[in-house]
Amino acid sequence: MPITVLPLPGEALDSWFEAIAYRLRTPLSEVLPALGLARRVEAGDCRRDIPARWAILLRDHEAVGISHATGVNVEALHAMTLAHFDGRAVKIKRETRQVSRWHLWGRQAGSRFCPDCLAETKGRWKLGWRLGWMFACLDHNRLLVDTCPQCGQVPWRRLHQQRYVPEPGRCAVPDQRGGRGRSHQRCGHPLSETTSRQLEPTHTLLRAQKLLAETAEHDSAGFCIYASAPQSFSALEALADLRALSSRLLVDAADSGLANVLPHDTREIYEGVKGVLPEVTGTVPARRSLTAPVQAIGIAAALQVLGQADVHAAGRELRHLVAAADPSETLKRLTGFHRMHGITPLLSAVQLTAQEPMLRPSDQLRYRLPAFLPSRPSPRGGRAEQRLHKIPSCFWPGWSVLLSPPQGAYSRTLRPCLSASLALVGTRDDLRVITRRLGNVTTRQMTSKVLQLLHAQGHWAVVSAALVRLADYLDAHEVPIDHQRRRMLDYTDLLTEARWQQICEDASVHPGQGRRLTVARSTLFEQLSGLPAHLAPAHFAITRPMDRPHVNYFAAFLTPEVRDGMHRAGSDFLAQNGIDGEPLSWEPPTVIADGLGTAGHDLEKIDISRLHQMIRSPSMTTEQAARELGTSHEAVRVLLHRSPAPAQPRPRSRRRNDGEAMRIAKQAFPPDEFRRLYYAEHLGLRQIADLAGVSRNVTRRLAEHYGIEVREPNATGPRKGYVDGAWLREQYLVRGRTLADLGCEKGLSPTTMTRWAKLHGIPVTKVNGHTRPELAHLAAQAREAPEILRPAFTGPGAWDRLREFAAVSRYRTLKEAAEALGTHHTALITRVGRLRREIGHPLLTRATTAAPMKLTKIGEAVVAAIHAAGPRNQLDAAAEW
């Protein structure tokens, strides 16, 4: 080109084209072809990729042509278009070279301007003025101007007529005063003479404009809540939040709210534009061009919210801005942000935290409001179902103490409700479904009531934050216990009486009179199943208020030896039900709650050694110990179950009270030695007791433990002999001898032999000590049966039960077997249970949701023996009546 005009820093491309045309005194229609660009001739040129506005985007070949004609670098040419801000401050549709008006403050045409800049550069326009979020000039500290003061139109809204020489710095909008049709006249007003509001260098609006410019230039949001976020956000995301929030505030913010939140230096500008705000109310301001002062007020208000240290402070500020007299109207103003396009999770979290006082406690958990970044529940379900496998029906004891109110709470009510609340965090699941999956240990109404009480007592912040942290931990980590599977187990045979007696004897403590065993079973049931004690099997369920004191006393009764014995019994029970590799119990680490404080009592702060001393002192109850330690009774119980107090050595005179004498007697007199002294040497119980240094009652209990019939005190006559159970079964059932005959051999009466038979579980008749015909037939069957099956022949129908058990073993579940065999589910379970008791070992491992029912090793041997008997057992069964 004959004359070259260099572009100014930050100048728009079409402004540079205008300056070249003015310098050459040539219309744009002649300058564009000289630059290698096609000029527009008709409206359809955009379909031939001839843009209406060159300042949006240049193709590479166009930039090369301009560079060849002017000598300007290609990169500098691209920087003179809005494509330089694409993905950072605007969104451009590159196929059509259009700015998306749905992102940020995108605008297809028009430009604000600074009169001082136009005066200094003689009418050259900056590219930044085309950005929708530019409202102030940082060079001259003044607000930008939106329209020409003479014609009232937005500059650069329409293209300059290409057949006329442009005049930089003057309004090029066609003059409408000349009438209809094409007007050759332009407004021509010198825009550099326009007045705009001057701002102080430290003005709030200038600081806001500088922050937006730096964010767009560095393509990173590092201010305020974005700086504290766990992830980084781009400039486009932060500007989208500002656009959405400022638009919503201009529509919904109450007059008093904006006046109170805006800085003092901005209130005067706000008062000047306040009359314009009702014009945008009821519409979405982001879809229309706002004036620079109005947009500045909206962005300043939005930065008052997003400029807080975290999302919770930002939520409080937002709630203050849009507060209305009617809470429902305030809630209405706070909803809807998540439906706006392109906002970040941070702004959605701010909106949720702003609603916190208006949400129920259960909804606060659903939205995870105590979390650093609250969020809406995922529309896809399944999270609660997965989490329920990791949560016990009764909340973990240590955590329930940590989250209980300081004044105390009923643990049997609080713990199930906390478990249901934990499953509720971050989910859309119905609370009724959750409580049902937990085993109906609580109800939806009870859970909601407990959460409301916790909220009213002022400790909700700690409790809710702990629940959210626990839910996040469970979702991110594997848990060693499948509580859903444990809830399905059959606990009927948990901790048998014989096992409890053995545990107490090994620990040198008294086993109690039966109620202690009931409490021990219920305690172990709670640890294994996670269910409350009142849902245990009926024969050891704790349902009566009168049993509560015994439950409290059991914590003081426990010793490390008893606890270890119970844990071994629990592990054996799990192994019998096909659960290997799982610990007896497990709790999440309490470090999860670090920094939250505690609503209740911290177990780690209790002096355990002092507690042990207090518990072992005379007349000290767990309630008294809790009062002296300044903690709750539940905390003492939980701590004693975790770390029982060691048993104190007792004087010799009190050994009978704690089982130590029984242990000494057992060590001194094994079963064979005791029988020799009692039967062969004819020593009395007191004489045997004197040999071991124990009381007569101890040797009497030891004789009962060994199955030795003893003579009542002061009884006369010969001592009754001992009858071995295996010998009696062999002689009576297998060989068919009568009890009278066996009594003569032993020197005992038929009545005594009947008692011995009943003691060993052998069916007898009381008519003159003779067997009935069916028992004779039963004895014949037992003689012909394999040895492992003989204990099952305790009555008619033995082969039927055995064959039925062999058939049951082929199915996946007992229910499926009952349907296939045409019998009732409950009746089948009863018959299989009877066979298990007769054989003396578990025969089946019950089915779970993950695995079908299967035979134990003994069960496999029993089935093999049934099949080995073959047709013989069919003939025997046919002979039964």
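Biologist: How many residues apart are Arg 637 and Glu 634, and in which helix do they lie?

Modeller: An α-helix has 3.6 residues a turn, so residues three or four places apart point the same way. Arg 637 and Glu 634 are 3 residues apart, about one turn, and both belong to helix 29 (residues 633-642). Helices here are DSSP runs of H or I with at least four residues, strands are runs of E with at least two, and both are numbered from the N terminus. The model is a predicted one, in which local features need pLDDT of at least 70 and side-chain atom pairs count only at pLDDT 80 or more, whereas totals for chains, interfaces and linings use all residues. Residues are numbered from 1 along each chain as its sequence is written, and side-chain values use heavy atoms, with hydrogens and water left out.

Biologist: What joins Arg 637 to Glu 634?

Modeller: A salt bridge is a side-chain nitrogen of Lys or Arg within 4 Å of a carboxyl oxygen of Asp or Glu. Arg 637 and Glu 634 form such a bridge, with their closest N and O atoms 3.0 Å apart. Both Arg 637 and Glu 634 are buried; buried means under 20% relative accessible area, exposed means over 50%, and partly exposed lies in between (1.4 Å probe, protein chains only). By the salt-bridge rule the count comes to 32.

Biologist: Where do Arg 368 and Asp 472 lie?

Modeller: Arg 368 forms a salt bridge with Asp 472, their closest N and O atoms being 2.7 Å apart. This pair links distant parts of the chain, 104 residues apart: Arg 368 is in the loop between helix 15 (361-366) and helix 16 (383-388), and Asp 472 is in helix 21 (residues 460-476). Arg 368 is buried, with a relative accessible area of 13%, while Asp 472 is partly exposed at 33%.

Biologist: What is the nearest side chain of opposite charge to Asp 241?

Modeller: For charge, Lys and Arg count as positive and Asp and Glu as negative; His and the chain ends are not counted. Asp 241, in helix 7 (residues 235-252), is buried yet has no salt bridge, and the nearest side chain of opposite charge is Arg 243, 9.4 Å away. The side chain of Asp 241 does make a polar contact with that of Tyr 226, at 2.7 Å. A polar contact is a pair of N or O atoms within 3.5 Å; within protein, one must be able to donate a hydrogen and the other to accept it, and residues adjacent in sequence count only if both atoms are side-chain atoms.

Biologist: Which residues have the most contacts inside the largest nonpolar core?

Modeller: In soluble globular proteins, nonpolar side chains tend to be buried together. A nonpolar core is a set of buried Ala, Val, Leu, Ile, Met, Phe, Trp, Tyr and Cys residues joined through side-chain atoms within 4.5 Å. The largest one has 81 residues, and Phe 135, Tyr 226 and Leu 318 have the most contacts inside it. Helix 11 (residues 292-306) supplies the largest share of this core, 11 residues. Apart from it lies another core, of 71 residues, which includes Leu 422 and Trp 500.

Biologist: Which residues of helix 23 are buried, and what covers them?

Modeller: The buried residues of helix 23 (residues 497-507) are Trp 500, Ile 503, Cys 504, Glu 505 and Ala 507. Their cover includes helix 24 (515-529) and helix 26 (560-576). Ala 569 is found in helix 26 and, leaving out residues up to four places away in sequence, touches Leu 495, Arg 499, Ile 503 and Leu 524; contact means heavy atoms within 4.5 Å. Ala 569 is buried, with a relative accessible area of 7%.
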